[in-house]
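Hi there,

Here is the structure I promised to send over.

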Amino acid sequence: MDEPLYGIEEEVFLTYPVRPALDALWPLARLLWEDPRYYYTRSASNFARGADLRRAVMSGVELSTPPRRGAEAAVAALLEQRRRLAAVADAYIVPMGSLMGLEARTNTCGLHVHIGGVDDLAAAYAAVAHFLPLFACAFLNAPYEEGGRPRPSFRFARSYAIGPLREDPRFRFQDLILPYRLPTVEIRCFDPVWDTERLALVLKAVSAVLGSGRRWPLDRDRYNRLRAAVAAEGYGTHVRPLFLELSEIVTLPEALFAAPPADAVRRWAAEGGVEAAYRRIDAAYRGAPAGDARPAPRPRAWRAAAGFFGYYVPRLPYTVWKALVERPRSGGGHG
């Protein structure tokens with residue numbers, strides 16, 4: 001069996017210097033003007049909602065890749081999109097599930113992976129769901145504290161846009177879906193990370209699982225129990241049996257799951273503060289040495305206005321159409 005086709009949608013925060021601002025629309029406008037055919041449909045701007053607007057209006061920006069066969073080609077396509085964004089963005093580019101000190105259910109970023117080119121979508125959905133509590137551990141990247149205890153990902157635990165698996169696999173706001181618009185399985189629960197090698201390893205594991213010839217039953221209750229444990233603790237005895245089972249199919253280091261990016265972010269912030277952590281993450285995203293960091297610019301009203309009229313307004317018809325097509329059709333609410 002050939003490797004699956006992968007399409008990646010990566011959302012990242014552009015911070016000025018430690019909070020998002022409407023200036024983030026300006027880099028999107030520049031990309032749209034440079035390549036309108038591509039970026040009209042393969043980019044997006046996101047905003048907070050409801051009461052969260054009082055803390056920050058702007059959320060993350062999104063770039064997506066075309067479908068590519070296999071993990072290596074998919075990651076190469078993502079790196080090209082990162083190169084293009086880095087060329088036009090002078091903010092800190094921060095791939096995290098949520099920003100430190102800005103924990104808001106509607107202000108989060110995700111790393112969505114579409115899996116296509118498979119013969120049986122239902123079987124692929126069940127196979128990915130079986131191992132997804134383990135795979136999610138590799139991407140926990142939104143550290144926060146709850147009840148005096150460190151937690152690995154506010155987004156994984158609290159975001160409105162993901163959550164436990166429901167009976168309807170097409171309901172949008174859950175960890176794993178069958179999208180309405182595309183013949184794919186979509187993983188929605190991963191937090192963005194700066195380390196693309198981490199993504200490559202997990203995609204290779206997905207390819208190995210789907211190419212193993214084995215089938216797994218879809219057990220939503222089991223998934224949701226393990227999900228709750230991962231949200232509270234990250235990797236541990238609750239999901240280690242999945243690692244051992246996966247190891248019969250493909251060899252991966254256990255540290256990939258046991259040491260999530262959230263641990264490094266929390267350590268960097270403790271050592272030098274939040275802005276220093278974001279400078280370091282930005283350098284890693286851009287492929288620059290950790291010490292080769294730039295001061296982030298402050299927000300500028302002209303950039304926000306130019307981005308609004310140069311990006312948001314031209315794309316509004318597509319944004320409305322996409323929202324109508326992808327709106328929840330069952331399950332109710334945001335979950």
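Below is what I found, starting with the whole chain and then moving to single residues.

Please keep in mind that this is a predicted model.

**The overall picture**

The protein chain is built from 12 helices and 10 strands. Its radius of gyration is 19 Å, close to the 20 Å that the globule rule gives for 335 residues, so the chain is as compact as a globular protein of that length. If you draw a box along the principal axes, the C-alpha atoms fill roughly 55 × 45 × 35 Å.

Of the 335 residues, 56% count as buried. Among contacts with a separation of 6 or more, 77% are made by residues 24 or more positions apart.

**The nonpolar cores**

The largest nonpolar core has 56 residues, and the members that touch the most others are Phe 135, Phe 190, Leu 246 and Phe 257. Helix H4 (residues 121-137) gives the most to this core, with 11 residues. Apart from it lies another core, of 24 residues, which includes Leu 14, Tyr 16, Trp 26 and Ala 86.

Leaving aside residues up to four places away in sequence, Phe 190 touches Gly 110, Leu 111, Val 113, Leu 132, Phe 135, Ala 136, Phe 139, Arg 155 and Val 202.

**Arg 155**

That list brings us to Arg 155, which sits in helix H5 (residues 154-158). Is Arg 155 buried or exposed? Its relative accessible area is 2%, and because the cut-off for buried is under 20%, Arg 155 counts as buried. Its contacts beyond four places in sequence include Gly 97, Ser 98, Thr 108, Cys 109, His 112, Ala 142 and Ile 162, as well as Arg 188, Cys 189, Phe 190 and Asp 191. From Arg 155 to Asp 191 is 36 residues in sequence and 7.5 Å in space, C-alpha to C-alpha.

**Gly 7**

Gly 7 has its place in strand E1 (residues 5-15). With a relative accessible area of 12%, Gly 7 is buried. Which residues does Gly 7 touch, not counting those up to four places away in sequence? They are Thr 65, Pro 66, Pro 67, His 112, Val 113 and His 114. Val 202, which is in contact with Phe 190, lies 195 residues from Gly 7 in sequence and 14 Å from Gly 7 in space, C-alpha to C-alpha.

The peptide bond from Tyr 16 to Pro 17 is cis, with omega near -10°. Tyr 16 is one of the residues of the 24-residue core, and Pro 17 lies in the loop between E1 and helix H1 (25-34).

Leu 32 is found in helix H1 and is buried, with a relative accessible area of 5%. Not counting residues up to four places away in sequence, Leu 32 touches Tyr 39, Tyr 40, Gly 310, Tyr 311 and Arg 315. Pro 66, one of the contacts of Gly 7, is 34 residues along the chain from Leu 32, with 16 Å between their C-alpha atoms.

Methods:
Residues are numbered from 1 along each chain as its sequence is written. This is a predicted model: local features need pLDDT of at least 70, side-chain atom pairs count only at pLDDT 80 or more; totals for chains, interfaces and linings use all residues. Side-chain values use heavy atoms; hydrogens and water are left out. Helices (H or I, at least four residues) and strands (E, at least two) are DSSP runs, numbered from the N terminus. The radius of gyration is taken over C-alpha atoms; the globule rule is 2.2 Å times the number of residues to the power 0.38. Buried means under 20% relative accessible area, exposed over 50%, partly exposed in between (1.4 Å probe, protein chains only). Contact means heavy atoms within 4.5 Å. A nonpolar core is a set of buried Ala, Val, Leu, Ile, Met, Phe, Trp, Tyr and Cys residues joined through side-chain atoms within 4.5 Å.
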